[in-house]
Amino acid sequence: MLRSSTSGPLLFFFSPPPSLPPFLVDDMKEKRMKNKDTKSSAYHDTSSRIIPMTLMLIVLCGFSFYLGGIYFSEKNRFFKQDVAPAILHEQSVVAPLRIDSVEFPECSSDLQDYTPCTDPKRWKKYGNYRLSFMERRCPPMVERKECLVPPPAGYKVPIRWPKSRDQCWYRNVPYDWINNQKSNQHWLRKEGEKFIFPGGGTMFPNGVGAYVDLMQDLIPGMKNGTIRTAIDTGCGVASWGGDLLDRGILTVSLAPRDNHEAQVQFALERGIPAILGIISTQRLPFPSNSFDMAHCSRCLIPWTEFDGIYLLEIHRILRPGGFWVLSGPPVNYENRWRGWNTTVEEQKANFDKIKKLLTSMCFKLYQIKDDIAVWQKSVDNSCYDQLNSSSFPPKCDDSMDPDSAWYIPLRTCLNVPSQKLKKLALKSAPRWPKRLHMAPERVAMVPGGNSGGFKHDDSKWKVRVKHYKTLLPALGSDKIRNVMDMNTLYGGFAAALISYPVWVMNVVSSYGPNSLGVVYDRGLIGTYHDWCEAFSTYPRTYDLLHFDGLFTAESHRCEMKYVLLEMDRILRPNGYVIIRESNYFVYAIASIANGIRWDCQKHDTEYNVEKEKLLICQKKLWYAKQGQQ
């Protein structure tokens with residue numbers, strides 16, 4: 001510690017930090033005793049000079065008062081620059097964090113599909129305005145669960161990809177609503193112990209393949225790598241996104257937790273990317289100018305209501321030159337209106353209103369045929385330049401970052417793409433797969449980001465994944481399909497896995513550097529998230545979770561046990577976890593992991609860095625005890 005008088009020079013007294021190992025504490029005590037012995041013998045040698053030294057001491061004391069006055073007139077400058085580093089040097093040795101092992105109980109069986117931040121049991125607390133009760137609303141800390149979510153009775157290890165695209169075990173997602181209500185549209189059907197997915201949908205009851213073939217004829221960029229990322233709002237069981245995987249297009253299938261029961265859960269059980277979400281009062285958790293294409297197939301979103309605020313959100317997340325595809329009402333109203341319980345006049349008025357709204361947002365009608373209409377967002381700023389103060393919707397001001405999208409309210413204004421980014425438009429971006437390893441313009445918008453750092457990150461993750469493969473042979477096999485990188489920077493981990501039969505949900509911290517736009521520019525997908533809260537997905541939906549220094553970055557905000565319990569909730573039984581973390585946290589993580597029934601092994605990193613270690617863990621398959629049913 002440091003002590004000082006108010007009128008004299010500073011005196012330093014160091015005591016061993018409590019975190020030091022015992023052998024270091026003993027060593028410091030021994031050195032202190034030696035100093036005392038030396039001073040005692042020196043006193044006898046200098047006794048003959050006591051009078052001159054007394055006079056010198058008086059002079060020095062007077063001088064010290066003078067220096068003390070100077071010091072305290074500028075104490076902040078001297079204290080910060082000179083004293084603090086000396087103290088930090090003495091406390092540089094830090095022992096690893098250790099936590100007592102705790103065994104977590106099982107949750108009751110009625111929580112087998114528990115989604116903490118989209119919990120239907122809490123919906124009655126919130127209003128019905130624009131269905132906002134379906135948005136993320138996480139429970140307060142005192143209501144957080146500290147238990148392990150059980151699988152349903154009869155749960156089986158999921159069917160492997162690619163067979164899983166067409167079938168899944170009924171007991172893994174034991175819900176019959178879609179099967180009973182949508183059987184005539186061929187969303188799915190139950191056969192014995194399985195659900196079968198024929199590839200049908202409300203607007204494509206005869207199969208999604210022919211539907212997408214027609215769409216490709218209308219949008220040639222779907223065939224040549226120009227279009228790589230897409231979002232499907234109101235996705236059903238994600239048959240559209242599943243079909244696009246074979247065409248080189250990666251889709252985020254989006255749906256709320258609603259009366260369809262488990263649309264997103266069905267999608268993820270099939271091995272198709274999906275996330276819980278709804279366009280209501282808040283922005284979707286994606287940056288601006290990210291998706292190459294957006295799709296709505298009779299998704300029941302009231303596009304023309306509330307001054308077109310939902311269309312404005314689609315405009316925000318589409319990159320310049322991107323496409324919005326609408327099928328279902330009111331498209332082809334002339335031939336379809338009789339089956340929609342409406343009138344031809346009403347549907348015509350609705351279609352005209354959509355066209356007018358989209359024109360005001362600088363979209364143009366690109367193609368229309370049969371039940372499919374396609375609009376394209378303006379490829380440059382020429383349209384936006386013609387908008388004035390009386391235009392509606394107005395341009396957004398600069399008070400809100402268009403990329404901020406974590407609990408950010410929707411606004412009835414138009415986000416104009418930045419003119420600083422010359423290669424943001426779809427026509428200017430490299431085609432897939434070339435864009436995967438090219439540094440996007442937006443990397444310069446990330447604090448400290450540049451093309452050199454991007455290339456280094458890309459190379460670094462290739463080396464790391466090669467090392468991971470030696471430690472986890474299941475990586476690259478059909479045992480792993482749904483992958484999440486919990487705290488990515490540029491999506492380097494996902495890029496290094498591109499040849500494996502996996503897809504990766506790249507998560508960028510809502511409190512960290514905003515690099516998610518770079519992830520999308522590479523042709524990858526992801527979302528913003530805060531790991532102090534639960535993720536927007538069902539239990540048992542990922543085969544592999546990976547993070548790199550998550551607790552080093554977030555331990556000051558997020559409690560470790562809740563993060564690990566959330567990881568356990570979303571991880572499939574027999575699924576894997578790769579934890580790359582500071583050695584300071586590894587022991588504590590392993591202790592909690594043991595309490596949530598993971599088997600973990602500690603490993604060195606690829607370069608045997610002592611301060612950083614790897615934990616490779618596997619979640620056990622267990623079933624709820626009889627008393628929990």
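This is a predicted model: local features need pLDDT of at least 70, side-chain atom pairs count only at pLDDT 80 or more; totals for chains, interfaces and linings use all residues.
Start with helix 12, residues 451-471. Its 21 residues reach 31 Å from the first C-alpha to the last, close to the 30 Å expected at 1.5 Å a residue. At the start of the helix, Asn450 places a side-chain oxygen within 3.1 Å of the backbone nitrogen of Gly452.

Which residues of helix 12 are buried? They are Phe454, Asp457, Asp458, Trp461, Arg464, Val465, His467 and Tyr468. As for spacing, an α-helix has 3.6 residues a turn, so residues three or four places apart point the same way. The cover over the buried residues of helix 12 includes helix 13 (492-496) and helix 14 (516-521), along with strands 16, 17, 18 and 19.

Now the rings. The whole structure has 24 aromatic pairs. One of them is Phe195 with Phe266, edge-to-face, at 5.3 Å centre to centre and 75° between the planes. Phe195 is in strand 5 and Phe266 in helix 7, so this pair ties together parts 71 residues apart in sequence. Phe195 is buried at 0% relative accessibility, and Phe266 is buried at 1%.

Phe493 belongs to helix 13, and the two residues are 32 apart. Trp461 has a relative accessible area of 6% and is buried; Phe493, at 0%, is buried.

There is also an aromatic cluster made of Trp303, Trp324, Tyr333, Phe351 and Trp375.

Last, charges over rings. The charged end of Arg130 lies over the ring of Phe306, 5.1 Å from its centre. That of Arg481 lies over the ring of Trp161, at 3.6 Å from the centre.

Conventions: Residues are numbered from 1 along each chain as its sequence is written. Side-chain values use heavy atoms; hydrogens and water are left out. Helices (H or I, at least four residues) and strands (E, at least two) are DSSP runs, numbered from the N terminus. The expected span of a helix is 1.5 Å times one less than its number of residues. Buried means under 20% relative accessible area, exposed over 50%, partly exposed in between (1.4 Å probe, protein chains only). Contact means heavy atoms within 4.5 Å. A polar contact is a pair of N or O atoms within 3.5 Å; within protein, one must be able to donate a hydrogen and the other to accept it, and residues adjacent in sequence count only if both atoms are side-chain atoms. Rings of Phe, Tyr and Trp (its six-membered ring) pair if their centres lie within 6.5 Å; planes under 30 degrees apart count as stacked, over 60 as edge-to-face and the rest as tilted. A charge sits over a ring if NZ of Lys or CZ of Arg is within 6 Å of the ring centre and within 35 degrees of the ring normal.
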